[in-house]
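Thanks for coming. I have one structure to go through today, so please have a look at it before I start.

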Amino acid sequence: MSTATDSVDLVGDEVAVNLVRAALLAALMGAFAFVSFPNPLNPAVPVTAQVLGVFLAGIYLGPAWGGFAMVLYVLAGALGAPVFSGAGAGLGEIFGPTGGYLVSYPFAAALIGAVVHGVDGLVDPEGVSVARLVGAMAAGTVVIYALGIVVYWYYLDTSLVAAIVGAGLAFVPAEAVKMAAAMGIVRSEEVQAT
Amino acid sequence: MLGYEPGDSLAHRLDPRTKLAVQLAFAAAAFAHTDPRGLAMLTGVTALALASARLSPVSVIWGYRFLLPLLAAAVLFELVTLGPPWIELEAAADPLLASYRTLLIVAVAAGYVRTTPARESRAAVQWAVPGKPGRLLGAGVGLVFRFLPLLRRDLAAIRDAERARLGDERSTRERLETVGAAGLRRAFARADRLAMALSARCFSWNATLPRIRFRAVDVPAVLLAAGLGASMVV
Amino acid sequence: MLELDGLIHEYDGARAVDGVSLTIPDGEFLVLCGPNGSGKSTLVRHLNGLLEPDAGRVLVDGVDVSDAPVAARTTVGMAFQEPRDQFVAATVGGDVRFGPENLGLDHEEIDRRAANALSAVGLDGREDDRIETLSGGERERLAVAGALAMEPSHLVLDEPFTGLDSPARERLLARLRDLHADGTGLIVVTHDLRYLLDDADRVVCLADGEVVVDASPGDATEKLTEYGVRVPGR
């Protein structure tokens, strides 16, 4: 053997698995950005599945790794991976009209994870009550829209009313659909948490 | 879609850290000087940045066309009022300047996206965030770049299968649920195999970073970043 | 030299590997065969300490793998099934560097190893190619290169011919013959012996987690068909 192997500090299996799951969840969320569905309530604004990714990150990875997954999503997008809406990428998106939403995702996922799992250790999401899951996702949605609207308002120098209408109300109804979808995914047999 | 392409433009030869510094300084300066004169000067800087990346403004606008309706909506909302005088040009001035500012920042960032490969971005992340957190962020960002095309293909295949089986008659919720569940299941299956492969290849905390280094060509760009930063206090 | 001594591995109480003892000398070309679910993939994952034995020991060059995982993983390189899920970088060059980077080697040594590994599998000059653009055969060979960059003395390939057409299979086989001729030990896991009998030194067949055949290729073929292994002309 030609290399001195004593100095190599291996990343433990558990950390490696969590890192990889977080990275793949971030990539999945980027893939969701390409998938749009007709909005049942407002056909003019199609639904993209990205926020579903925030829900799933919190629910399946917990507060720490779920939040980390969203940090990876935002960072990879800022550094050029086409993961934002419309396959967008670049640091500019953070300073754009949807920058507030992007910045909110790590906080929202961490909050959802904390409500679903508590702060010590992960639980099996299938065993979590419907009320708790819905409450977690609703709280996450509030964080997303609060930051999203405030940043839109600040960046684009509009009135607050314009920001609420333009960046919030047009999209909020679709979030209920995504919450229902996330509930269905948690209850389906297809996905195993561990 | 704008993405990295190999090349030998000036921007390709710059250190990723230099390019990130220019972007951040540019954004800060643009927020500090959101007035016609400031934005006119920054338009010149943007032209310079795009030229150094050999990127045309048309392809940038095309690449970010999804932002345009959001920006236009902000301007229109302030421009049009629900009663006399119906049109308020003055109220629309601020959102118009802000929207233009957004376009400039996005365009400068597009230069980075086009000219910086994932491995250099990863090295810049680990330079900026030392230690284990930086290693996790750097490795994670690299994996997002690598697996995004794969998972996009997964989702496309899932949707095709779904359409072939059930047509478009199911509700949005049901379709989101099917695509989400199948996508998540495949992503986790890939993750388990990938984690095994990482361990087999000695995934370590103290790995050698990809090469990045400041060179003579970085000097003018660093000065530009410093100038943009200094403009905020002028 | 690799030694398995009374190795037992269980998944939820079911024995996947049931008391296997084997000694694999350096430079040997061994084919590990057996029907699906016979424990082949589980067994080889013990050779570099990716799994922990429920009983028994695994020694690499006389050292227990659980005491020296880095030594085991650099001595025994591994290319898994589904190569797509084991690449960590977006480009060929980025991926093949991953292992040596983890070892903390300097850039010159990493470059040298990457170049050697890629040339050993016939992918020289392809460093900047995106992994998404590779054919199935090229992906399999890149997976081999990723393992070779660790400069292992044994190389494990798990079902390397799955999904390859015959020209791609021939190209891979030719590279494996060259590696074997240069002294690298090969352990090829397969349920289909047809392409390997002429080259292998030894055939080991597993059924229900136990070794049922351990012989030279000539002697082994008689008994193999009864275990559901595909053998030429039978």
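What pattern does chain A follow, read along the sequence? The pattern is α-β-β-α-α-α-α-α, which comes to six helices and two strands; helices (H or I, at least four residues) and strands (E, at least two) are DSSP runs, numbered from the N terminus.

Some housekeeping. This is a predicted model, where local features need pLDDT of at least 70 and side-chain atom pairs count only at pLDDT 80 or more, while totals for chains, interfaces and linings use all residues. Residues are numbered from 1 along each chain as its sequence is written, chains are lettered from A and ligands numbered from 1 in the order in which they are written, and side-chain values use heavy atoms, with hydrogens and water left out.

Chain A has 194 residues, and 60% of them are buried (under 20% relative accessible area, 1.4 Å probe, protein chains only). UniProt, in an unreviewed entry, places the feature "transmembrane region" at several spans of chain A, including 19–37 and 103–123; such annotations may be inferred rather than shown by experiment. In the model, residues 19–37 of chain A are 74% helix and 11% strand, with end C-alpha atoms 30 Å apart. Residues 103–123 of chain A are 71% helix and 0% strand, and there the end C-alpha atoms are 27 Å apart.

Now the interface. Chain B puts 69 residues into the contact and chain A puts in 74, with contact meaning heavy atoms within 4.5 Å. About 6300 Å² is buried between the two chains, 78% of it from carbon and sulfur atoms; that is the accessible area (1.4 Å probe) lost on putting the parts together, summed over both.

How many salt bridges are there between chain B and chain A? The count is one, between the side chains of A:Arg21 and B:Asp192 at 3.9 Å, N to O. The definition is a side-chain nitrogen of Lys or Arg within 4 Å of a carboxyl oxygen of Asp or Glu. Several helices of chain B give two or more residues to the side touching chain A, among them H2 (16–32) and H8 (131–166). The largest share, 21 residues, comes from H9(B).

Last, one residue in chain B. B:Asp218 is in helix H10 (residues 218–231) of chain B and is buried, with a relative accessible area of 1%. Beyond its neighbours within four places in sequence, B:Asp218 contacts B:Leu14, B:Asp15, B:Thr18 and B:Arg213. The side chain of B:Asp218 reaches the backbone nitrogen of B:Asp15 at 2.9 Å.

Terms used:
Buried means under 20% relative accessible area, exposed over 50%, partly exposed in between (1.4 Å probe, protein chains only). A polar contact is a pair of N or O atoms within 3.5 Å; within protein, one must be able to donate a hydrogen and the other to accept it, and residues adjacent in sequence count only if both atoms are side-chain atoms.
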